Amino acid sequence: MSDSDLKPWLKQTQKEVDSALGRFLPRESAAPKTIHKAMRYSIFAGGKRLRPILTLAAAEACGGGIENALAPACATEIMHTYSLVHDDLPCMDDDDLRRGRPTSHKVFGEGMAVLTGDALLTQVFIVIAQTPETKRYSVKDYLEEIAETGGSKKLIGGQVLDLEGEGKQLTKKELIKIHENKTAALLTCSVRLGAMTANATPAKLEALTTFGYNLGLAFQVIDDILDVTQTTEMLGKTAGKDEAVDKSTYPAILGLEASRKEAARLTKKALKTLEIFGKKGKRLEQIARYLLEREY
Ligand code: GRG
């Protein structure tokens, strides 16, 4: 596994994930057609497939295969997509563009976009229940892992803090709390689920929990930086939006240069946790380094 093979591996893995997502979602022709069309519209609008990629790389780091990890990999992407569809609604962040396309409510209407998010979230549980069990982990464990991540103490809890923080100048500590619950929680869940499908030891699961936490925060810092430094075309979503609505972000609170340093510091912390995996952790290491340098 050399550094130069990361990009072809990412491309190939994105293809495998897309093909599995196609199998795990109801067909577009299934009645009622509108909702199934809308679910597929948002899932296949593009997207880096980072969460499934992390699930599969974590399975590999723990000595498992991609095949057993495909269901949870897709479940994390479906949960992520649901959160984007709802986050883009006029009553939330009110965005017109996502993954380079008009947002769900722009195409299907607000009511249908609410239902699309609901349907995607429900599909998460149908898909995760298809994950093969191991000696240590049962379907109940997988279900608990993803349900807790999506619930009122993590993703939704983070969104509550986000909504309540609108129009206020948040401190760095308050900002971290939001992103711990949102971005970092789903990235942590993604690597943990992959590890579980590979029957990971508690020590390895713990290492990946710290990895996911730090990588998740680093990913969010970069996301905030890109909002300031990149174009709408490059991001596939409205650039400069955070500044336009006076949102508390890492660059707004720390400044651009300190934000870059913060992302590098968090990535370094994430990389340190991979020691326990030896050579098998190489793919996760490559992904973490790549994310720090990403341009979209
Ligand atoms: C219940 C409304 C509701 C939301 C749940 C998690 C969450 C709370 C909302 C997520 C909304 C959001 C925009 C979070 C920021 C996380 C983030 C950096 C998203 C972008 O992820 P990428 O860059 O996107 O991986 P792609 O499109 O590549 O998959």
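**Exercise 1. The second largest cavity**

Determine which residues line the second largest cavity of this predicted model, and state how the lining divides by class.

Solution. The lining consists of Asp87, Met92, Asp93, Gln159, Asp162, Leu163, Glu166 and Lys247. Sorting these residues by class gives 2 nonpolar, 1 polar and 5 charged residues. Turning to secondary structure, helix H8 (residues 155–165) provides the largest share of the lining, with 3 residues.

**Exercise 2. The largest cavity**

Find the volume of the largest cavity, and identify which helix gives the most to its lining.

Solution. The count of cavities of 30 Å³ or more is 2, and the largest cavity has a volume of about 90 Å³. Its lining is made up of 13 residues, and those nearest the centre are Ser42, Val85, Arg98, Thr103 and Ser104. At least two lining residues come from each of H2, helix H4 (66–87) and strand S2 (101–102), with H4 giving the most, namely 3 residues. By class, the lining of the largest cavity holds 5 nonpolar, 4 polar and 4 charged residues.

**Exercise 3. The aromatic pair**

Locate the aromatic pair found in a search of the whole structure, and classify its geometry as stacked or edge-to-face.

Solution. The search returns 1 aromatic pair. Its members are Tyr41 and Phe108, whose ring centres are 5.5 Å apart and whose planes make an angle of 75°; because an angle over 60 degrees counts as edge-to-face, the pair is edge-to-face.

**Exercise 4. H1, H15 and the second largest pocket**

Describe how the axes of H1 and H15 are arranged, and then name the helices that supply at least two residues each to the lining of the second largest pocket.

Solution. The two axes come within 11 Å and cross at roughly 95°, which means that H1 is roughly perpendicular to H15. In the contact, Leu6, Lys7, Trp9 and Leu10 of H1 meet Arg283, Gln286, Ile287 and Tyr290 of H15, and these residues divide into 5 nonpolar, 1 polar and 2 charged. The second largest pocket has a volume of about 380 Å³; of its 14 lining residues, Lys7, Leu10, Gln14, Tyr290 and Tyr296 are the closest to the centre. Helix H1 (6–24), helix H3 (50–61) and helix H15 (282–293) each supply at least two residues of this lining, which by class has 7 nonpolar, 1 polar and 6 charged residues.

Terms used: Residues are numbered from 1 along each chain as its sequence is written. This is a predicted model: local features need pLDDT of at least 70, side-chain atom pairs count only at pLDDT 80 or more; totals for chains, interfaces and linings use all residues. Side-chain values use heavy atoms; hydrogens and water are left out. On a 1 Å grid over the protein atoms alone, a cavity is a set of points where a 1.4 Å probe fits but cannot get out, and a pocket is an open set with protein on both sides within 12 Å along at least five of seven lines; lining residues have an atom within 4 Å of a point. Grid points are joined across faces, edges and corners, and a volume is the space filled by probe spheres set on the points. Helices (H or I, at least four residues) and strands (E, at least two) are DSSP runs, numbered from the N terminus. Ala, Val, Leu, Ile, Met, Phe, Trp, Tyr, Cys and Pro count as nonpolar, Asp, Glu, Lys and Arg as charged, and the others, Gly among them, as polar. Axes are lines fitted to C-alpha atoms, for helices over the stretch in contact, and angles run from 0 to 180 degrees between N-to-C directions. Angles under 35 degrees count as roughly parallel, over 145 as roughly antiparallel, 65 to 115 as roughly perpendicular and the rest as oblique. Contact means heavy atoms within 4.5 Å. Rings of Phe, Tyr and Trp (its six-membered ring) pair if their centres lie within 6.5 Å; planes under 30 degrees apart count as stacked, over 60 as edge-to-face and the rest as tilted.
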